Amino acid sequence: MTRRSVADALQTHPDVRKSPEYWQAYQDGLIPEHWPLLQFLTTPTMLIMDGADHTRLRQPIQRAFTARRVEALRSRVEEVARDLLDTLALSEPGSVIDLRATYAFQLPLTVICELYGVDDPEMRRQLAVDTGLLLSSATPPEARMGAQASIFGTMSRLIGLRRATPGPDLTTALIGEFEDGALSEEELAGTLFLMLVAGHETTQNLISNVITRLLEHPEQLARLLDGSLGENPFPGVVEEGLRYDPPAAGTMFLYAARDVQIAGVTIRAGEPVLLHNAALGRDDDVFPNPHAFIADRADARGHRSFGHGPHHCLGAPLARLEAQVALRALFERFTVTAAEPLDTVGRVTSLSSNAPVRVPVYLRER
């Protein structure tokens, strides 16, 4: 589905579900065990649950990611950004720096690991490696299965650590939900797994995409920096980045619980539907001149990069905060220029991620 109105109607339709129990081909055993998307579509998380079960798994995370709690993280996110940029400032003059690897990746990973209470550098490194393997469509099936098993093993170790030494972190809070009977052991690990992946991969993509688009549209970057867009135009440019180049190109499957008529098409019971987020943001029924990147586009927030309806992304406030802080800190401190034509840089080979594999630049302190 590529039209926003149709996507919105599907995501709120009473006969459309997220659970694979409504996926006929899966129930009939027709999906190969090593099919790359199968792990995401069957792991017990809020991503694939409906109704009361979805609410039960969503509420503990929702309490942790209120707008007030996320805003309270701002000073720490700013500190992380400043520390990373301090390190980049020590690079040899004229050296090429990949901002995806050294900045866009490191910032959200640091933040989500601190929220989890992951303070072991080796555990952080392993989580980063395993998540990259899991999300890449170039990873062989056996390696992908191994990466998921490794992540769940790390989550189990983390749960054990936080049970022994509770702290003011999200893992400890979720353990409390488990012990109150709200979550099963498998759901607890699955929730941590989902938040890990969603908590840094998509934000890494968002930051990488916006940096790339601003460098490709220097007139928009100039407007951003010369004050003509106001004192803090970065929230607006993040929304335009989400619209123009969403960090996840597609939304995981929806399934028809019974025959559904939508936009003149019948979706048969048991059939899967994929929403194409990258197309929804370019819908010319919604956005005038949709293929232009405009830093202060008034209607940019009408994108659907965080979904719509009951499954709207809980981490959206944190992703927005991290991207706004990261971009403002970078462009206010450095003059950033592309080290090679960015339109020739390859894209991430991924099941859903939408981002360049690198963001090669030169940095010069202002």
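How many salt bridges does a search of the whole structure find? I ran the search and got 28. I counted a salt bridge as a side-chain nitrogen of Lys or Arg within 4 Å of a carboxyl oxygen of Asp or Glu.

Ground rules first. I am working with a predicted model, where local features need pLDDT of at least 70, side-chain atom pairs count only at pLDDT 80 or more, and totals for chains, interfaces and linings use all residues. Residues are numbered from 1 along each chain as its sequence is written, and side-chain values use heavy atoms, with hydrogens and water left out.

**Entry: Asp15 and Arg258**

I looked up this pair and found a salt bridge, 2.5 Å from N to O. It links distant parts of the chain, 243 residues apart. Asp15 sits in the loop between helix 1 (4–11) and strand 1 (16–17). Arg258 sits in the loop between strand 3 (250–256) and strand 4 (260–262). I take helices (H or I, at least four residues) and strands (E, at least two) as DSSP runs, numbered from the N terminus.

Next I checked accessibility. Buried means under 20% relative accessible area, exposed means over 50%, and partly exposed lies in between (1.4 Å probe, protein chains only). Asp15 has a relative accessible area of 17%, so I call it buried. Arg258, at 46%, is partly exposed.

**Entry: Asp245 and Arg347**

Here the closest N and O atoms of the salt bridge are 3.7 Å apart. The pair again links distant parts of the chain, 102 residues apart. I placed Asp245 in the loop between helix 14 (234–244) and strand 3. Arg347 belongs to the loop between strand 7 (334–338) and strand 8 (360–365). Is Asp245 buried or exposed? I read 6% relative accessible area, so Asp245 is buried. Arg347 is partly exposed at 35%.

**Entry: Arg358 and Glu340**

I found a salt bridge with its closest N and O atoms 3.2 Å apart. Arg358 and Glu340 each lie in the loop between strand 7 and strand 8, so the pair ties together parts that are 18 residues apart in sequence. Arg358 is partly exposed, with a relative accessible area of 32%. Glu340 is partly exposed too, at 28%.

I also noted a network. Salt bridges that share partners join Arg3, Asp283, Asp284 and Asp285.

**Entry: Thr66**

I located Thr66 in the loop between helix 4 (51–64) and helix 5 (67–71). At 30% relative accessibility, Thr66 is partly exposed. What separates the C-alpha atoms of Thr66 and Leu318? I read 9.3 Å, for residues 252 apart along the chain.
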